[in-house]
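Trainee: Could you walk me through how to read a few features of a protein model? I would like the general idea each time, and then the case at hand.

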Amino acid sequence: MEGSFTGKERMEAAFRGEKLDRQPVLLLLGGHYAERAGYTLEQFFTQPEAALETAKITCEELDSDALFVPLNPLMPDAQEAFRKLMGKAPSIKKDNIKEKLPRWSVRLPREDPLFSSHLDMCEKCVEVFPDYHINTMIGGPWSFALELRGANEAMEDLYDDKQFLHDLTKYTTDTVIARCLAVLELGVFPFIGDPSAGMSLISPAVYREHVLPYHQKIVEAVHDKGGGVSFHICGYVDPIFQDLIDLGIDGLSIDGPSSLEKLFELGRGKTTIIGNIDPMLFVEGTPDQLDEEARKCLDIAQGEARYVIGPGCQIPLQANLDNIKAFTQACHKYGAF
Amino acid sequence: MDWIKRLHEAVVKGQKREIAGFAAEALKEGMSASAIVDEAVIPAMNKVSELWRNEEYFVPEVMRSASTMQVCMDALKPLLVTGEHGKDLKVAIGTVKGDLHDIGKNLVAIMLEGAGFQVENMGVDLPPEQFLEAAQRGAKVIGLSSLLTTSMPGMGTVIELFETSGLKENVTFLVGGAPVTANFAREIGADHYAENAAEAVAVLNNLFDSDAQNP
């Protein structure tokens, strides 16, 4: 790694509000370097060795400060791989869920075969990448609830059966908490991704009634165990910036459509802000454009200790690798304190 | 009872369970189905669009209003003069292969129906051939939706299929979805891009009016 500090040290400093040498960089990547590592995407998504080797090549190529544990069935790009393997897009929507829910108990993380494999990969990554801040994406309670219920049906429940939605979200929240505590125990930082909780879908009022209390429970449970947690909500979340800051979360990752400037106005120093280059720029843009966007974000941050620069969401698999490299190099160049 | 006001309010507030009853009462008191649509339902959806633009309404509220409108229209359909509110433009809309997301697509479908278009909502995870078959059944507009960057290229695959089949010039392609951009739409050869359901309705209304003026 370049410099005299590790990525892990830089990220931990950012969460504490301390400055080391430069602004840390957090890239949300998946199997982008699988081919360079000598594997297919399907191998990356299903074989631990392929996932680990791809992560190694990714770290060597980009020298970013953090990584997301691969072999994660909850990552968006994993869905495409599972679709090809299973012959159909994966869905966890349950029929007759209102009758079934009262009989469900929270599945322990190690009882879930897919998540258990992911926990094995978490352990491996902590061992193989000691110099990196290791994160893993855990699906948030609201999006999880909508997947179980069906998004269209849940939108009707907001009018016709609010109590059922609360009961369902309580169940998903307990599951999410169990997963967070399981990864924390292994030394991995939970990163809650709740894509359906933003204003690209629901209103601020619905967020405050149906999501916020459950996000609060997760933060409290993680903090009670002495751990930290970051949250990411896709799309536009400006109207709930204050709510998210007041949650006391350690890191807040925002997507391209949200305003980094506005978040700094409200939350500078109160949470570690992460983001927010438009992920599609890595596909459609040029290295010069990525360089410029990195500069713009760092200008807005004005050397804030509690800032981590990165894309607004997962970088699409079809991204130009030269763009990813150019962005990371720009962050190193312009992000020095 | 001012049924125009009552029905307008029912659509705006999403009173889905009550609206069919309101429509029946209004008809009993002598209102025509046509007046209900022109004076209550359509203005109500215009109000909903305004609330959406002003960030007072979001997807759930717009969906509820749209589905409330649909219940009302279903109740009135047998009484409406054929072609009076309909637009002679068939739209087939679906989510491309590999993607199960449909909430935005469903909203577009309902709002296009409300605007008078004939809409075939084909569902999700659709292979390209199904869109071709829809065109062969008479669809003049093909609406493609994708919420995943991994399934977005499937939109281009659909358009390519139409090109190789010699049918691209017979239809208009309208694309949308969270990761989709106007730039991407241009790259894959789509005719139009809409950022949201209200814009989709506006695009097709313009298309319809333009076709009507230049048959």
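Trainee: Are Phe44(A) and Phe45(A) buried or exposed?

Mentor: Buried means under 20% relative accessible area, exposed over 50%, and partly exposed in between, with a 1.4 Å probe and protein chains only. Both Phe44(A) and Phe45(A) are buried. Do keep in mind that this is a predicted model, where local features need pLDDT of at least 70, side-chain atom pairs count only at pLDDT 80 or more, and totals for chains, interfaces and linings use all residues. Residues are numbered from 1 along each chain as its sequence is written, chains are lettered from A and ligands numbered from 1 in the order in which they are written, and side-chain values use heavy atoms, leaving out hydrogens and water.

Trainee: How many aromatic pairs does a search of the whole structure find?

Mentor: Rings of Phe, Tyr and Trp (its six-membered ring) pair if their centres lie within 6.5 Å; planes under 30 degrees apart count as stacked, over 60 as edge-to-face and the rest as tilted. Over all chains, the search finds ten such pairs. Among them, Phe44(A) and Phe45(A) have ring centres 5.0 Å apart and planes at 75°, so this pair is edge-to-face. Phe282(A) and Phe327(A) also form an edge-to-face pair, at 5.3 Å centre to centre with 80° between the planes.

Trainee: Which helices hold Phe282(A) and Phe327(A)?

Mentor: Helices (H or I, at least four residues) and strands (E, at least two) are DSSP runs, numbered from the N terminus. Phe282(A) lies in helix H15 (residues 281-284) of chain A and Phe327(A) in helix H17 (residues 321-334) of chain A, so the pair ties together parts that are 45 residues apart in sequence. Phe282(A) counts as buried because its relative accessibility is 0%, and Phe327(A), at 0% too, is buried as well.

Trainee: In what order do the strands of the open sheet in chain B run?

Mentor: Two strands pair if DSSP finds at least two bridges between them. Here five strands of chain B give the order E2-E1-E3-E4-E5, with parallel pairing. Strands E2 (118-121) and E5 (192-193) of chain B are at the edges with a single partner strand each, so one side of each has no neighbour in the sheet. Strand E3 (residues 141-145) and strand E4 (residues 172-176) of chain B pair in the parallel sense over five bridges, and Leu144(B) stands opposite Val175(B) in E4(B).
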